[in-house]
Amino acid sequence: MSEETKNPGMEPETKETEPEQELEQNGTPEESGVAVQPEPEQPSLEQQLAEQNDKYMRLAAEYDNFRKRTARERESLTAFVVSETVQKFLPVLDSLQLADAHREGNPEDILAGLDKVLEALNATLASLGLTEIDTSGEFDPNLHNAVMHVEDESLPKNSIVEVFQKGYLYQGKVVRHAMVKVAN
């Protein structure tokens with residue numbers, strides 16, 4: 001009988017050998033010609049844990065160094081800003097001390113000196129970026145603090161009648177709201 005009649009409609013049988021069977025038949029892998037790669041050694045759980053712990057400790061140390069460095073930089077920057085700001089106010093302080101030393105002088109000279117000190121102080125604050133809030137016109141609750149209200153039909157609605165305390169802005173942000181009296 002031929003192979004076709006033994007397995008009708010089927011492929012002819014071929015003899016395939018598994019690598020284990022080939023090893024058994026031919027001996028060692030080197031003798032059989034099959035290249036066997038050595039299995040990479042898996043690190044033990046203790047080694048893996050030690051590696052992860054080392055990574056964690058390094059990361060924690062880096063974060064701690066970063067935190068300390070930024071704190072030092074912040075302190076240095078704060079000291080610099082305060083120093084620069086105080087330096088701008090020293091001429092005003094000098095003028096006030098000079099006026100205090102001459103308080104027994106002519107009242108007109110004292111008032112003229114006081115006006116100059118006030119001008120110097122306003123110029124110093126302006127150089128630092130401080131601007132006065134405009135109180136002419138209509139009441140704005142974002143800029144003004146209404147502490148009194150007056151009914152007067154001759155005045156426009158929500159108009160500012162009187163300023164009790166000036167308000168100031170620094171770079172567009174309210175430092176202090178202007179305290180005002182509002183009509184109607």
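Reader: What do buried, exposed and partly exposed mean here?

Author: Buried means under 20% relative accessible area, exposed means over 50%, and partly exposed lies in between. This is a predicted model. Take Lys166 as the case. Its relative accessible area is 42%, so Lys166 is partly exposed.

Reader: What does the side chain of Lys166 meet in a salt bridge?

Author: A salt bridge needs a side-chain nitrogen of Lys or Arg within 4 Å of a carboxyl oxygen of Asp or Glu. Lys166 meets Glu132 this way, at 3.6 Å from N to O. Lys166 sits in the loop between strand S3 (160-165) and S4, and Glu132 sits in strand S1, so the pair ties together parts that are 34 residues apart in sequence. Glu132 is partly exposed, because its relative accessibility is 44%.

Reader: How many salt bridges does the structure hold?

Author: There are six. One of them joins Asp64 and Arg67, with the closest N and O atoms 2.3 Å apart. Both residues lie in helix H4. They are three residues apart, about one turn of the helix.

Reader: Are Asp64 and Arg67 buried, exposed or partly exposed, and why?

Author: Asp64 has 23% relative accessibility, so Asp64 counts as partly exposed. Arg67 has a relative accessible area of 42%, so Arg67 is partly exposed too.

Reader: Which residues do Arg103 and its salt-bridge partner make up as a pair?

Author: Arg103 pairs with Asp100. Their closest N and O atoms are 2.0 Å apart. Arg103 is exposed, because its relative accessible area is 54%. Asp100, at 41%, is partly exposed.

Reader: Now the sheet. In what order do the strands come?

Author: Read a sheet by its strand order, then by its pairing. This open sheet has three strands in the order S1-S4-S5, with antiparallel pairing. Strand S1 (130-132) and strand S5 (173-176) are the edge strands, and each pairs on one side only. Neighbouring strands are turned by 40° against each other on average, direction ignored.

Reader: How many bridges join S4 to S5?

Author: Three bridges join strand S4 (residues 168-170) to S5, and the two run antiparallel. Look at Leu169: it stands opposite Val174 in S5.

Reader: Last feature. Which residues make the nonpolar surface patch?

Author: Patch residues must have over 30% relative accessible area and no salt bridge. Here Val82, Val86, Leu90 and Leu93 make a patch of about 320 Å². Val82 lies in helix H4 (residues 45-101). Its relative accessible area is 48%, so Val82 is partly exposed.

Terms used
Residues are numbered from 1 along each chain as its sequence is written. This is a predicted model: local features need pLDDT of at least 70, side-chain atom pairs count only at pLDDT 80 or more; totals for chains, interfaces and linings use all residues. Side-chain values use heavy atoms; hydrogens and water are left out. Two strands pair if DSSP finds at least two bridges between them. Helices (H or I, at least four residues) and strands (E, at least two) are DSSP runs, numbered from the N terminus. Axes are lines fitted to C-alpha atoms, for helices over the stretch in contact, and angles run from 0 to 180 degrees between N-to-C directions. Patches are made of residues with over 30% relative accessible area and no salt bridge: like charges are joined within 9 Å, nonpolar side chains (Val, Leu, Ile, Met, Phe, Trp, Tyr) within 5 Å. Accessible areas come from the Shrake-Rupley method with a 1.4 Å probe; for residues, only the protein chains shown count as cover. Buried means under 20% relative accessible area, exposed over 50%, partly exposed in between (1.4 Å probe, protein chains only).
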